[in-house]
Amino acid sequence: MKNSIKVLFSIAAISLCGMSLRAQNANTNTGIYLTEQDYRSNKLTYVLGDHDKLRLNEFLGGKNINLVYQGKAITLPKNQVFGYRLNNQDFRFYQNEAYSILDTAGFVLYSREKLSPSVKGSKQEEAYFYSVNTAQPVIALTVQNLWNSFPGQTDFRYSIQSNFSNDADLAAYDGLSKQYKIKYLFFHQKQLVAAHIVR
């Protein structure tokens with residue numbers, strides 16, 4: 001019972017921290033992407049200034065985001081909005097949850113903070129997801145899911161199996177080349193196929 005109460009308080013505290021956000025200044029480019037096309041065109045609507053506010057309502061899967069924009073209160077359903085930018089980081093809504101967009105080359109990588117059980121109750125962990133493109137569903141980053149998503153790219157699928165021993169390794173980042181290893185494999189296999197065709 002005590003652990004359940006601790007978990008609920010942890011969730012509430014984390015959610016309250018992220019619920020009401022004020023744009024730090026006009027240079028942070030905080031605003032809303034109404035559509036996928038807006039995101040691809042880098043077109044923000046409701047660009048927040050110093051006195052504007054954004055409330056994401058993340059606690060218990062809130063279905064709307066609320067803005068105070070130029071003195072007016074605005075409510076937008078999450079399922080009708082592509083996403084938002086907050087302090088120069090882009091996010092996509094999918095099934096009322098916000099996913100941080102990490103990398104869009106080839107396919108889209110996302111991350112999301114989640115609570116997971118631990119010895120002392122619960123702790124925040126980063127979970128990883130992907131979508132084939134920005135119009136497709138967001139799904140967990142697993143070897144099996146990647147295998148199913150790229151049926152025509154046999155070399156890439158086999159390279160995943162031979163280079164990653166488990167799902168957690170798929171989010172590995174190479175600090176020297178400044179890229180995710182899974183993206184390196186994706187493009188490396190495409191280059192090998194293209195070189196083979198040219199011959």
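Q: How many helices and strands does the secondary structure of the chain come to?
A: Helices (H or I, at least four residues) and strands (E, at least two) are DSSP runs, numbered from the N terminus. In this chain there are five helices and 13 strands. This is a predicted model, where local features need pLDDT of at least 70, side-chain atom pairs count only at pLDDT 80 or more, and totals for chains, interfaces and linings use all residues. Residues are numbered from 1 along each chain as its sequence is written, and side-chain values use heavy atoms, with hydrogens and water left out.

Q: Where in the chain is confidence lowest, and where is it highest?
A: Here pLDDT is the predictor's confidence in each residue, from 0 to 100. The chain averages 83, and 80% of the residues score at least 70. Confidence is lowest in helix H1 (residues 2-19), with a mean of 43, and highest in strand S11 (residues 139-140), at 97. Over residues 1-27 the pLDDT is below 50, and beyond near neighbours in sequence this stretch has 39 contacts (heavy atoms within 4.5 Å) in the model.

Q: Which residues of helix H4 are buried?
A: Buried means under 20% relative accessible area, exposed over 50%, and partly exposed in between (1.4 Å probe, protein chains only). An α-helix has 3.6 residues a turn, so residues three or four places apart point the same way. In H4 (residues 154-163), the buried ones are Phe-156, Arg-157, Ser-159 and Ile-160. Seen down the axis of H4, they fall within an arc of 160° (taken from the directions from the helix axis to the C-beta atoms), so they line one face of the helix.

Q: Which residues have the most contacts inside the largest nonpolar core?
A: A nonpolar core is a set of buried Ala, Val, Leu, Ile, Met, Phe, Trp, Tyr and Cys residues joined through side-chain atoms within 4.5 Å. The largest has 16 residues, and those with the most contacts inside it are Phe-107, Leu-146, Phe-156, Ile-160, Leu-170 and Ile-182. Helix H3 (143-149), H4 and helix H5 (181-198) each supply at least two residues of this core, and H5 gives the most, with three. Apart from it lies another core, of 15 residues, including Leu-56 and Phe-91.

Q: What is the phi of Asn-42, and what is that of Lys-178?
A: Most residues other than glycine have a negative phi. Asn-42 has a positive phi of about 60°, and Lys-178 has a positive phi of about 55°. Asn-42 sits in the loop between helix H2 (36-40) and strand S3 (53-55) and is partly exposed, with a relative accessible area of 48%. Lys-178 lies in the loop between strand S12 (173-174) and strand S13 (179-180) and is exposed, at 63%.
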